[in-house]
Amino acid sequence: MNSRKLEETLFKIFMMASLFLVFLALAGIVLVVAMKGLSALNLSMIMETPKGGYYLGKEGGIANAIIGSLYLMTGATLLSLMISLPVALALQKEYPGKRFCDLTRLVLDILWGTPSIVYGAFGFVMMVYLGLRASLLGGIMVLTLLMIPIMSRAMDEAVRMVPFELKEMSYALGATRFETTIAVVLRQALPGICTGVILAIGRGIGDAASILFTAGYTDDIPTSLLDPVASLPLAVFFQAGTPVPEVQARAFASALILLLIVLVINIIARLLGWRFSKNIVR
Amino acid sequence: MESRRRHAFPVNNLLRKRQIKELLALVSGRAVLIFINALVLFIFCGLLLKTFPILNVVSFSDLLFSSSWYPMKKEFGLFPFLISTLAVTGLAMAIAVPVCLLCTIYLSEYTGKRFREAARLVIDILAGIPSVIYGLCGVLVIVPFVARLGEMVDISTTGYSLLAGGLVLAVMVIPFIISISVDVLRMIPDPVRESAFALGATRWETVKYVVLKKARRGLLAAVVLGFARAFGETMAVLMVVGNVAQVPSSIFDPAYPLPALIANNYGEVMSIPLYDSALMSAALILMLVVAAFSFSAHYALLRIGETLDG
């Protein structure tokens, strides 16, 4: 009897220790980035583009990367929304072809797991084939590929949660599937859909491997779709790689900006899920 | 009769419009689904086509199992990179899996709903931290730590090593695995636990003999998904792993995983013939391995959902 109690206590201690360790590691990351980043962060970091000699520790900021990430995300979010929403709605079970839908879900899972470097490599091949150089357009297209599975899967979950009885009422009134989808399903699933979009943005904005070759890097703010564009994760990566300590400190400042954006995006996504779900029929 | 039908004409017109809309929605919905399925084929075929040129020069087994990587001399052996990838990922999983399992059991079985939801929230949010940030912290904290560790056991190391890569990767996948596996454990209905309690089992015994046994497949799927995620992770590993093209002989040696190889060498791809083909074959390997893992995890999780529902 005693040994059973002992085992229980022992494992409970292990569990608490490992949970503590995980929280410690993750809190450590946030703290390290915050402490190192805050000391190098100032207004000119956010407001200015790199001046001459910026990468040797002279004046300037990473406005180019912030604006660049904004451009990339706007384009990629709109494009992937245009594909993901129809995908999620077309996967409803009212539409015939259960096997095809199951296959599509499997494919989405596979795409979801595909490493972003593979998307980057594939995107680069396609761009070479099409004669495109590293550009805003290329970056947007590859990020779209990366975000489609994340968005579609989250939206599909949300759409599937809509109770079938609700849809049946709409059908009983003589509405078509399309009308039901627009008037009932979209409205019911809206919080889930928004959460999906925001989660995909959170993943997309932090991804460096996919846009390493496809978006390029530049000190200027792009003026057309065919210009190369800077981005926050790559700004962190390149600045961390330099030997100059001032620039490395700026890498942490850039990382802090990126981290704040991602954390805010994620927190909004969760809060949205909670807040809206109160008005939803379950 | 005739006049009545004429009278009904506007109604028919409306119906027709609605039917056309319905049809358009159906067709466009089908079209995007086909697009998604074509996309995966397209990526696969694109990479495959790019891989063929190198197989004319290097045999398939040489590509996978030769360790001579001299792109200038047209020797493309991916073996050191494959081994590095497997070693870094394996190390990361060896660290991550026990920790994840313990955390998951605690969160799922020992805490109340409120703490679990809060912890899940924090863990989910942290799973979204970009990998460059993990890499940056790895350079600052883990690399010096590994260097010190090497000093203590009398091995000279810069700290940029297999171990550093494994540690960073472990920290990265832990929130990811916990998030999935807590869901898996919560899918097991409470009566299952209650019947074990009724037989006099302690909480830990219930977990050990009943819950874990029932959730085995799902937990395995969570681990497999974590493995797949770690396998293709690029930036964080690239920054701490050292990037030396050799077969690592100890965990303090630098390594050079496949994703890092692709990311580092893209700039010079055009100047050396067949180089791009070699890198594409690396990307293809990554994609196939990860797809196989995702595939099996997908079916494992699907089966669980079905058996527990019905």
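Residues are numbered from 1 along each chain as written, and chains are lettered from A in the order written. In this predicted model, local features need pLDDT of at least 70 and side-chain atom pairs count only at pLDDT 80 or more, while totals for chains, interfaces and linings use all residues.

Biologist: Why are helix 1 of chain A and helix 6 of chain B called roughly perpendicular?

Modeller: Helix 1 (residues 2-40) of chain A and helix 6 (residues 131-152) of chain B pack at an angle of about 80°, with axes 10 Å apart. Angles of 65 to 115 degrees count as roughly perpendicular (under 35 roughly parallel, over 145 roughly antiparallel, the rest oblique), so these two helices are roughly perpendicular to each other.

Biologist: Which residues make the contact?

Modeller: Helix 1 of chain A gives Ile29(A), Val32(A) and Val33(A), and helix 6 of chain B gives residues including Ile133(B) and Tyr134(B). Two residues are in contact if their C-beta atoms, placed from the backbone, lie within 7 Å.

Biologist: What makes up the largest nonpolar core?

Modeller: A nonpolar core is a set of buried Ala, Val, Leu, Ile, Met, Phe, Trp, Tyr and Cys residues joined through C-beta atoms within 7 Å; buried requires 20 or more other C-beta atoms within 10 Å. This core has 190 residues, and Ile133(B), Val168(B), Ala282(B) and Ala283(B) touch the most other members. Helix 7 (residues 162-186) of chain B gives the largest share, 18 residues.

Biologist: How do you know that this core lies between domain 1 and domain 2 of chain B?

Modeller: Domain 1 (2-50) and domain 2 (81-273 + 280-309) of chain B both give residues to the core, so the core lies between them. The domain bounds come from an automatic or database domain assignment.

Methods:
A residue is buried if 20 or more other C-beta atoms lie within 10 Å of its own, exposed if 12 or fewer, and partly exposed in between; C-beta atoms are placed from the backbone. Helices (H or I, at least four residues) and strands (E, at least two) are DSSP runs, numbered from the N terminus. Axes are lines fitted to C-alpha atoms, for helices over the stretch in contact, and angles run from 0 to 180 degrees between N-to-C directions.
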